[in-house]
Amino acid sequence: MTTDISTDVFEEHRPVLLGVAYRMLGRRADAEDVVQEAWLRWSRADRSDVREPRGYLVRVTTRLAVDRLRQIKSRGETYVGPWLPEPYVTDFGDVVQDTAERAVLADSVSLAVLVVLESLSPLERAVFVLREAFGYPYAEIAAVLEREEPAVRQLAGRARKHVDERRPRYDVDPAQRRDLTERFLAAAAEGDLEGLMALLAPGVRLVGDSGGKSKAPLRVLQTPDKVARFLIGAARKNDPDATLRFLEVNGGPAVLVLVGGRPDFVLQVDIADGRVQSVYIVRNPDKLRYLPVD
């Protein structure tokens with residue numbers, strides 16, 4: 001395989017590799033580093049015996065991501081305030097026509113699920129990602145992780161149970177989420193406390209991620225009254241030159257707020273039964289650098 005062909009093969013599979021690495025790590029920069037290391041290994045490898053390039057590359061990327069995740073956990077990194085995954089721009093609507101398949105992909109990369117995945121072991125997370133997001137058979141996952149198939153099935157069952165027990169319930173219909181997000185933003189901007197509270201579920205939670213590098217709540221806010229008052233107060237302090245842009249982030253509609261042409265924060269809501277269940281605000285500037293500004 002010539003250099004040009006090997007590069008084309010790798011680039012063909014790059015989106016899948018980045019998808020695996022991001023779901024494993026929840027950080028775009030770490031995912032990019034892992035994919036770059038996978039490329040280096042691919043470029044140096046003897047590819048004459050590689051019959052399935054995609055399988056080979058997914059195996060390398062997954063193992064690198066597991067190693068990176070173990071390093072992160074072993075360092076015991078501390079984080080200022082609540083942690084959220086780095087917003088990841090997706091566009092499943094254009095590349096996946098099947099509604100059911102799109103829902104699975106969107107769910108596997110959602111902020112709610114990725115937060116729960118942080119509490120899994122690296123191996124449990126790898127099995128969950130390969131099985132639930134990409135539909136890999138247990139036998140192939142066992143080969144990727146160099147584990148026996150019964151052990152992989154056990155890991156998958158444990159991970160699935162953990163995720164099902166801890167993730168919030170929400171609806172994935174993008175049109176409904178977009179509509180409720182627009183009404184939610186309008187009520188906050190207008191200072192309509194009663195109108196905003198009417199859109200919030202009784203158990204609503206607001207999670208703000210600043211990493212200590214910008215202003216955001218250092219604790220999760222709960223109850224409609226606290227969440228609504230915070231949002232209205234924040235809307236009053238917004239820069240008058242701020243602009244809003246809707247985009248698809250982590251499988252669902254989100255709002256990117258730009259100030260002076262630079263990303264200031266991303267806001268996304270989860271809804272169920274016609275009400276906002278969770279509000280996510282990512283304001284850590286380190287997590288906004290990959291977002292489009294044009």
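Trainee: Over the ring of which residue does the charged end of R131 sit?
Mentor: Before we look, remember this is a predicted model, in which local features need pLDDT of at least 70 and side-chain atom pairs count only at pLDDT 80 or more, while totals for chains, interfaces and linings use all residues. Residues are numbered from 1 along each chain as its sequence is written, and side-chain values use heavy atoms, with hydrogens and water left out. A charge sits over a ring if NZ of Lys or CZ of Arg is within 6 Å of the ring centre and within 35 degrees of the ring normal. The charged end of R131 is 4.1 Å from the centre of its ring, and that ring belongs to Y138.

Trainee: And which ring does the charged end of R178 sit over?
Mentor: Use the rule you just learned. The charged end of R178 is 3.7 Å from the ring centre, and the ring is that of F246.

Trainee: Back to Y138, then: within what arc do the buried residues of α8 fall?
Mentor: Helices (H or I, at least four residues) and strands (E, at least two) are DSSP runs, numbered from the N terminus. In α8, residues 138-145, the buried ones (under 20% relative accessible area; exposed is over 50%, partly exposed in between, with a 1.4 Å probe and protein chains only) are Y138, I141, A142, V144 and L145. Looking down the axis of α8, they line one face of the helix, so the arc they fall within, taken from the directions from the helix axis to the C-beta atoms, is 160°.

Trainee: What phi does E146 take?
Mentor: Find the spot where α8 has just ended, and you're at E146. Its phi is positive, at about 55°.

Trainee: Are the rings of Y22 and Y88 stacked or tilted?
Mentor: Y22 lies in helix α1 (residues 3-25) and Y88 in the loop between α3 (53-75) and α4 (92-95), so their pairing ties together parts that are 66 residues apart in sequence. Both residues are buried. Their ring centres are 4.3 Å apart and their planes meet at 15°, so the pair is stacked.

Trainee: What about W42 and Y56, stacked or tilted?
Mentor: W42 sits in helix α2 (residues 28-44) and Y56 in helix α3, so this pair ties together parts 14 residues apart in sequence. W42 is buried at 0% relative accessibility, and Y56 counts as buried at 18%. With ring centres 5.6 Å apart and planes at 55°, the pair is tilted.

Trainee: How many salt bridges are there?
Mentor: For a salt bridge, you need a side-chain nitrogen of Lys or Arg within 4 Å of a carboxyl oxygen of Asp or Glu. Counting by this rule gives 22.

Trainee: What separates E11 from R14 along helix α1?
Mentor: These two form a salt bridge, with the closest N and O atoms 3.0 Å apart. E11 is partly exposed at 40%, and R14 is partly exposed at 23%. They are 3 residues apart in helix α1, so what separates them is about one helical turn.

Trainee: Which residues share one salt-bridge network?
Mentor: Start with R68 and D30, whose closest N and O atoms are 3.1 Å apart in a salt bridge. R68 is in helix α3 and D30 in helix α2, 38 residues apart. R68 is partly exposed at 21%, while D30 is buried at 16%. Through shared partners, the network joins R27, D30, D33 and R68.

Trainee: Last one: what radius of gyration does the chain have?
Mentor: The chain holds 12 helices and 6 strands, and 48% of its 294 residues count as buried. The radius of gyration is taken over C-alpha atoms, and the globule rule is 2.2 Å times the number of residues to the power 0.38. For a compact globule with 294 residues that would be near 19 Å, which agrees with the value for the chain, 20 Å.

Conventions. Phe/Tyr/Trp six-rings, centres within 6.5 Å; stacked < 30°, edge-to-face > 60°.
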